[in-house]
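The sequence and structure are shown first.

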Amino acid sequence: MIAEAATRTCRDIERALEAYVDGELDASCVLAIDAHLGSCALCSERVAFAASMKRSLRTAAHAEAAPASLRARFARAAEELARDEELGAKVVPLRPPAAQAHASSDVSPSERGHVSPSERRAAAGLEPARQPPSWRSALPWAAAAAAAIAIGGSMRTLRSGQPGAPANDVATASFASARTQLLEELAGQHARPLPPEEIDPARVTKVFSPIVGVPVRPVAFANVPMNDPWAFAGARLMAVRDEAAATLYYQNHGGTRVTVFVFDANRIAIRSACCLAARLVRVGGEERTIHVGHARGYPLAVSEHDGVGYAVSGDLKEPELVNMAANF
Amino acid sequence: MTPAPDPSAYSAKEFEALILGQLDGMYAVARRLTRDATVAEDLVHDAALKALKARGQFAPGTNLRAWMLRILTNTFINGYRRGGLERTTFEGAHQAEDPVADGWISAASMRAMREPEEEALRPVLRAELSRAVEELPDEFRVALVLCDVEELSYKEIAESMGTPIGTVMSRIHRARKLLQERLRKHAVAAGIIAEETAGTNVVPIGRSRKEAKG
Ligand SMILES: [Zn+2]
């Protein structure tokens, strides 16, 4: 009977022995197990055997170091990435040097490498106390900000997600929700726009096309009331995945805003990357398919023309945006 | 005067150096998760590059190794899992009952299967162990490899796999039971131990007492 009671204990602590070998037990449990092991040859042998299995697996796995080819391959990819980021940060000023000279030295978001949400709001003139509500009426400021906020800085901010996000969100952010993340980024750029880097519509094509990789032209709007047209309010680059997209800001007299993203449709596959619904729209005699989605409370409409992708988000209802996108 | 955590605190170059320091460990895990050395290289490369790009989300001062392994695990689960056919190697591995209830090992046999003075299995069984690990169902293998190869805590493994700790513990337990049975059979075949029947010297492991008596 004594033997049977002992073996029952041995069965009961089977799982605990495993946790013991894995170092997962707290101190008091460890003491209890140690006490049992001191008087039980069977459990001692189980522990020794489990530890041997664990150690053998670890040793075998670590016998091979990462091959030199892997190290070299990763180093190459990392170098490419670093070069891209450096290029973005240093070599691509969107304003001519003269304009940069106006940039006051205390504008430092790009030096710190990221722009906090409050800085964004302040920079965009959205703080309640700040006066100029429109970029068009704030040209000196816009020029300074444009020179100060290098593309690289904003790319880094956007690429690495929200500054406050907990580290363990990485996995989910990178994999599971990659689909919705793209929409989120675009809607986020409309919701909290970063300041424009170019405010002259005549220069947009020249400045942005080589970076985006497709012709970036200010868009034309159809069915706009004559007395309240959409006015160009500036443009900037945005990183979408590892590609660049141009962001064009428009605003009407009523203060309603629309943000148009122009990108290389072959490199940024928004339509396939996001779960978008398709809408058929008749334009002229032609039927066009517009894809729509929603993020952060904003509708988004996506269209494509000769390899140039357009996505538009705005303070409007979905049908209006769909109609807008169909006419780009 | 350490600066507050900043998403751009690490340059690509700085973080690359940190990742390079983790590459051996990642490769060790990848090699056990995948069956093929080339695939393991691809997996590590993909995961390392993802980590580099997502470095802004790494909180300085937290466990870089666990963070990297989380990315590796997710990359594996989302893109490198093997097809369904291969996952049935261990018949009944997913059943609620212990699949290896019949395979029990006496203390004497366990002693014979490991090196006398070391914390290691006999060499002939080490090779079999590696093969057996490769054939574990994915869920079991990921949990066991993170636990044994990289010695992550149950909690860290649960975070990596996105499952409750209880699930992690039961997967590790089942994985070890399956491996033990493979090793036992191999040891019998190799003449290291004799085939034992229930009730010879000690109460069998993983078998109900009623059965053992009968
Ligand atoms: Zn015992």
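Among contacts in chain B between residues at least 6 apart in sequence, what percentage join residues at least 24 apart? The share is 71%, where a contact means heavy atoms within 4.5 Å.

The model is predicted, so local features need pLDDT of at least 70 and side-chain atom pairs count only at pLDDT 80 or more, while totals for chains, interfaces and linings use all residues. Residues are numbered from 1 along each chain as its sequence is written, chains are lettered from A and ligands numbered from 1 in the order in which they are written, and side-chain values use heavy atoms, with hydrogens and water left out.

**Chain B**

Chain B contains 9 helices and 0 strands, these being DSSP runs numbered from the N terminus (helices H or I, at least four residues; strands E, at least two). Its pattern along the sequence is α-α-α-α-α-α-α-α-α. Of the 214 residues in chain B, 53% are buried, that is, under 20% relative accessible area with a 1.4 Å probe, protein chains only.

**Zinc site**

A:Cys10 (SG), A:His36 (NE2), A:Cys40 (SG) and A:Cys43 (SG) coordinate the zinc ion at 2.0 to 2.3 Å; donors are N, O and S atoms within 2.8 Å of the metal (3.2 Å for Na, K and Ca). Along the chain the donors follow the spacing C-x25-H-x3-C-x2-C. The site is tetrahedral, with angles of 103 to 115° among its 4 donor atoms; four donors count as tetrahedral if all angles lie between 85 and 135 degrees.

**Aromatic pairs**

Rings of Phe, Tyr and Trp (its six-membered ring) pair if their centres lie within 6.5 Å; planes under 30 degrees apart count as stacked, over 60 as edge-to-face and the rest as tilted.

| Pair | Centre to centre | Angle between planes | Class |
|---|---|---|---|
| A:Tyr310 and A:Phe328 | 5.5 Å | 50° | tilted |
| B:Phe15 and B:Trp67 | 5.9 Å | 90° | edge-to-face |

A:Tyr310 lies in strand E7 (residues 308-314) and A:Phe328 in the segment after helix H15 (318-326) of chain A, 18 residues apart. Both A:Tyr310 and A:Phe328 are buried. Ring pairs also join them with A:Phe221, A:Trp230, A:Phe232 and A:Tyr250 into a cluster.

In chain B, B:Phe15 belongs to helix H1 (residues 12-33) and B:Trp67 to helix H3 (residues 64-80), so their pair ties together parts that are 52 residues apart in sequence. B:Phe15 is buried at a relative accessible area of 0%, and B:Trp67 is buried at 2%.

Notes:
Four donors count as tetrahedral if all angles lie between 85 and 135 degrees; four count as square planar and six as octahedral if opposite donors are over 155 degrees apart and all others between 65 and 115; anything else is irregular. Buried means under 20% relative accessible area, exposed over 50%, partly exposed in between (1.4 Å probe, protein chains only).
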